[in-house]
Amino acid sequence: MKRYLLFDSGCSLCTQLARDIEFESDGWLEAKSLRDPEILALVKTARPDWQWQPTLLEIEEDVVTVSTGIQLKARIVKGVGIRRAWRIAELITKATPNPGHTLYQERRNFLRQSSALLVTIPLLRSPALVRTLFSTGPGGMAYQDYRDSDFGFTLQYPTSWKIDVKHRQLYPWKDDEAILKRVISSGTPALVYLDVWSSRGKTLHDWLGWYKTSREVTDMPIDSNATVASMPAMIFLQNQQRDLLITYFSDEKYVYRLMNWATGEKAHVDAYWHMLESYTPPDVSGKVVTVLPQSMIQETNLWATSKAVRIANCCSYYDSGNPFPCCTNQGNCTWWCYYKYGYVPFTGNAETWWGQVPDYPEWNRSTSGPSCLASIACWSGSPGHVAYAAYWSGTGNVGISEMSWCANCGSSRSISPSNPSQGWIFKGSGPCPGGVQV
C-alpha cells in the first residue's frame, strides 16, 4: 500500500513542512508533488470530477483510492494515530508565518489548495470537530458516533471496530417480549452486544425480575447499582465459560443491555466503559449523568486481564468470529455449535441456551424432536451440553456431531429424539413431519 501526501514543490516552506510531516508519520505517508503529472493523472483517473480539495491518495496494486471529506479525516487519524495527528498539527502551527511575511500568501494558498493532509490535520485542533469525528477516550483510543436509526440514541465506539446489526424486528413487532434489535460492535478480538427490548410498561427492577424468571437465569441481581444517562442501571459480571460484563438500563419505554465478552484485554473493558458513558438518549439536549460503581470497575479491571482471549482455531477448525472458548484446543460444545451454524445468538454456558430462546422470534424450541432445519440438542446440567443435529429422517434416531468441554475435539453418535434432557432448539419452523433430512 502506498499513501501519498500531496504538496506544492514550488513553495520552499511547504516542501520542508511536507518532509517533516512525512517523518512524523513514521513511514505511513510519502511526500509527492502536486506538480507531478503522473500523480495528477492517478487522481483524475480514480476521481474524474476531482477538484482542488483536501485529498489523500492511496495505491494498492492496481487499485487507486482518493479520499476526501469525513473519510479522509478518519483515514488520517486511523493511520497515524491521534497522538501523531496532534503532533503534526503542532508542526503546522509552528510553521505558519506571520500574515505580514512575504511567504504568507504562498503558504495560505498551499494550505487551501495543494496539500490534502495539511489542510485536514489542523482541523483536529478544534475540540468540537474532534468530538464529532473521532473523540478520544481511555488510553488515547479514537472513537466515533453511532446513532441508532430505530431508537434514536447515540453512543461512541472505537473507530477501529465495526458495527453490525444482527437482529431487528420490524414494527409492528412480531414479539414484544423478544429482543427488538441487536447491534454488535467488534474489533480484534473485542466483542460487545447492544440489545434493546420493550419495557412493556415495567420499571427496570420489575422487568429484570420478569426476565430472570422467564429466561431461567439463576445468578442475576435485579436491583439498580448504577446510573447511565440519568437512567437507573444494573451492572454485574456473569461468570461462565466465556465471562460477560453486562449492564442493563431503561428509559421506561425500552430496556437496553450492553454486554461485553471477556477477551483478556483491559483496553476492551475501557472501551466498554466509554461506550456506557457516551450513551445519550434520543432528543436529549441537557446534561445526562452516568455514575458507574468504582467497586465494579476495580473488580472488572482485575477480571479483564485474567481471562483468555477469543479462540479462532479450535481442534483444527477455524472461525475468527466465534466468541466461545475452546479449552486449550481440546474442544467445547458451544464453540462447535456456533461454528456449525455460522452464528447463534446465545451467550453463556450450554445449560442457559434453552432459556434464552424466547429472546429471538426466529428461534424455537421443541421437546418432541429436531426441526426440518439444522437443530441443536440441549442437555441441562452444570454447565450443560449442546450438540449439532447432523441428520434425522423424521423418525427413529438423530445423528449428532459434538465436542465436549476440554475432552473431545469432535465425534458423532446416534441418539433418540427424547434423549436431550431439555429438548431441541432451532431457527425456523416446528419439528419435522417425517422423512426429511436435517
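Which residues does W353 touch, not counting residues up to four places away in sequence? W353 touches F324, T334, C337, V344, F346, T347, G348, I376, V386 and I425, where contact means heavy atoms within 4.5 Å. The structure is a predicted model, in which local features need pLDDT of at least 70 and side-chain atom pairs count only at pLDDT 80 or more, while totals for chains, interfaces and linings use all residues. Residues are numbered from 1 along each chain as its sequence is written, and side-chain values use heavy atoms, with hydrogens and water left out.

Let us begin with the chain as a whole. Its secondary structure comprises eleven helices and 22 strands; helices (H or I, at least four residues) and strands (E, at least two) are DSSP runs, numbered from the N terminus. Of the 438 residues in the chain, 49% are buried, a label that means under 20% relative accessible area, with exposed meaning over 50% and partly exposed lying in between (1.4 Å probe, protein chains only). Among contacts with a separation of 6 or more, 58% come from residues 24 or more positions apart. The chain exposes about 19,700 Å², and carbon and sulfur atoms supply 49% of this area, as computed by the Shrake-Rupley method with a 1.4 Å probe, where for residues only the protein chains shown count as cover.

W353 also has a place in the largest nonpolar core. Within this set of 44 residues, Y248, W353 and I376 touch the most other members. Such a core is a set of buried Ala, Val, Leu, Ile, Met, Phe, Trp, Tyr and Cys residues joined through side-chain atoms within 4.5 Å. A second, separate core has 38 residues, including Y146, F153, A233 and L292. In soluble globular proteins, nonpolar side chains tend to be buried together.

The rings of F346 and W363 are an edge-to-face pair, because their centres are 5.0 Å apart and their planes stand at 75°. F346 belongs to the loop between α10 and α11 (353-356) and W363 to strand β17, so the pair ties together parts that are 17 residues apart in sequence. Both partners are covered: F346 is buried at a relative accessible area of 0%, and W363 is buried at 4%. Ring pairs also join a cluster whose members include Y193, W261, F324, W353 and Y388, along with F346 and W363.

Strand β17 leads on to a sheet. Six strands form an open, antiparallel sheet in the order β17-β22-β18-β19-β20-β21, where two strands pair if DSSP finds at least two bridges between them. The edges are β17 (363-366) and β21 (408-415); each has a single partner strand, so one side of each is left without a neighbour in the sheet. Neighbouring strands are turned by 30° against each other on average, direction ignored. Strand β20 (residues 398-404) pairs with β21 over six bridges in the antiparallel sense, and S404 has N408 of β21 as its bridge partner. Helix α10 (residues 333-341) packs on this sheet, touching β17, β18 (375-379), β19 (385-392), β20 and β22 (423-427), and its direction makes about 40° with that of β19. Axes here are lines fitted to C-alpha atoms, for helices over the stretch in contact, and angles run from 0 to 180 degrees between N-to-C directions.

Elsewhere, strand β14 (residues 254-261) has eight of its eight residues buried. Y254, Y256, L258 and N260 cover one side, and V255, R257, M259 and W261 lie on the other, all of them buried. Three residues lie between the strands of the β13 and β14 hairpin, where E252 takes a positive phi near 80°.

A271, in helix α8 (residues 266-278), is buried with a relative accessible area of 0%. Beyond its neighbours within four places in sequence, A271 is in contact with M141, Y143, P158 and W161. G152, in the loop between β6 (142-147) and β7 (154-158), is partly exposed at 23% relative accessibility. G152 and P281 are 129 residues apart in sequence, and their C-alpha atoms are 7.0 Å apart in space.

How values were computed. Phe/Tyr/Trp six-rings, centres within 6.5 Å; stacked < 30°, edge-to-face > 60°.
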